[in-house]
Amino acid sequence: MFIIKSEILEIERKYSSYKGEWGIFIDLVRSKSPHRELEVDGPDTYYQKDNVILRWRMGPDISELTIKSRYSLSTSLIREESEISLSNNKPRHVMTFLNRLGFKKLFRIRKNCHMFWIKNDIGEACIVIYKVTSRNQEEKYFIEIEAKKGLSIAESKELIRYWEKELNLPTHRRMNQTLFEIYSGQITRLVD
């Protein structure tokens, strides 16, 4: 059974980080009294057919396919995201389905994420501190601030700027590339 979960805007900002900051940022975000915390670890596998890129996120508690599209080449801050939950499907059935549709595997990365949900007067954000491992590449570290889906673009940007200042994230560490772009060297397709 495939369940379409959402097709809405995702508004987030990604920052480069490094290994020495891993524990520091986790402690810093915990000191801000998040109302929920979760650590997850698992693979993201990317597939492509023509100009359509799918990400299959699979872990002990999640299995979903996602298509993300950019609104602009100048920023990855705002993207359209469509997700389909695959939680009731065996991995081999999902792989067979993707192969029959003509999707080819591009690459796989493994993410270890510390996720924190935190609220303020503007709204709720998810702050994610994570490392990515990939075959034949060094570990890379990132911090993301994602506004809760459903907030306006203006509210989301204000919320992201607020947490950027609270966490002392310098603007020169803002990243314009998505993980797909970093690991594939390709540009995410634009929204039609």
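This section describes the pockets, a surface patch and the salt bridges of a predicted model.

Local features were taken only at pLDDT of at least 70 and side-chain atom pairs only at pLDDT 80 or more, whereas totals for chains, interfaces and linings use all residues. Residues are numbered from 1 along each chain as its sequence is written, and side-chain values rest on heavy atoms, with hydrogens and water left out.

Rolling a probe the size of a water molecule over the atoms shows where empty space is left. The search ran on a 1 Å grid over the protein atoms alone, with a 1.4 Å probe. A pocket is an open set of points with protein on both sides within 12 Å along at least five of seven lines. Lining residues have an atom within 4 Å of a point. Grid points are joined across faces, edges and corners, and the volume is the space filled by probe spheres set on them.

The largest pocket holds about 1200 Å³ of space. Its lining comprises 47 residues, and R55, R57, E64, E83 and M115 are the closest to the pocket centre. Strand β2 (residues 36-49) contributes the most to this lining, with nine residues. Here strands (E, at least two residues) and helices (H or I, at least four) are DSSP runs numbered from the N terminus. The lining divides into 20 nonpolar, five polar and 22 charged residues. In this scheme Asp, Glu, Lys and Arg are charged; Ala, Val, Leu, Ile, Met, Phe, Trp, Tyr, Cys and Pro are nonpolar; the others, Gly among them, are polar.

The second largest pocket holds about 170 Å³. K105, F107, R108, I109, R110, T133, S134 and R135 line this pocket. Two elements, β6 (104-119) and β7 (124-134), each give two or more residues to the lining. The largest share, five residues, comes from β6. By class, this lining has two nonpolar, two polar and four charged residues.

On the surface, L9, Y71 and I153 form a nonpolar patch with about 250 Å² of accessible area together. Areas follow the Shrake-Rupley method with a 1.4 Å probe, and for residues only the protein chains shown count as cover. Patch members have over 30% relative accessible area and no salt bridge; nonpolar side chains (Val, Leu, Ile, Met, Phe, Trp, Tyr) are joined within 5 Å, like charges within 9 Å. L9 lies in strand β1 (residues 3-17).

The structure holds 10 salt bridges, each a side-chain nitrogen of Lys or Arg within 4 Å of a carboxyl oxygen of Asp or Glu. One of them joins R173 to E21, with the closest N and O atoms 2.7 Å apart. R173 sits in the loop between α3 (153-166) and β9 (174-175) and E21 in the loop between β1 and α1 (22-30), so the pair ties together parts 152 residues apart in sequence. Buried means under 20% relative accessible area, exposed over 50%, and partly exposed in between (1.4 Å probe, protein chains only). R173 is buried because its relative accessible area is 17%. E21, at 10%, is also buried.

K32 and E166 meet in another salt bridge (3.1 Å, N to O). This pair also links distant parts of the chain: K32 lies in the loop between α1 and β2, E166 in helix α3, 134 residues apart. K32 is partly exposed at 27%, as is E166 at 28%.

A further salt bridge pairs E139 with K131, the closest N and O atoms being 3.9 Å apart. E139 is partly exposed, with 35% relative accessibility. K131 is partly exposed at 25%.
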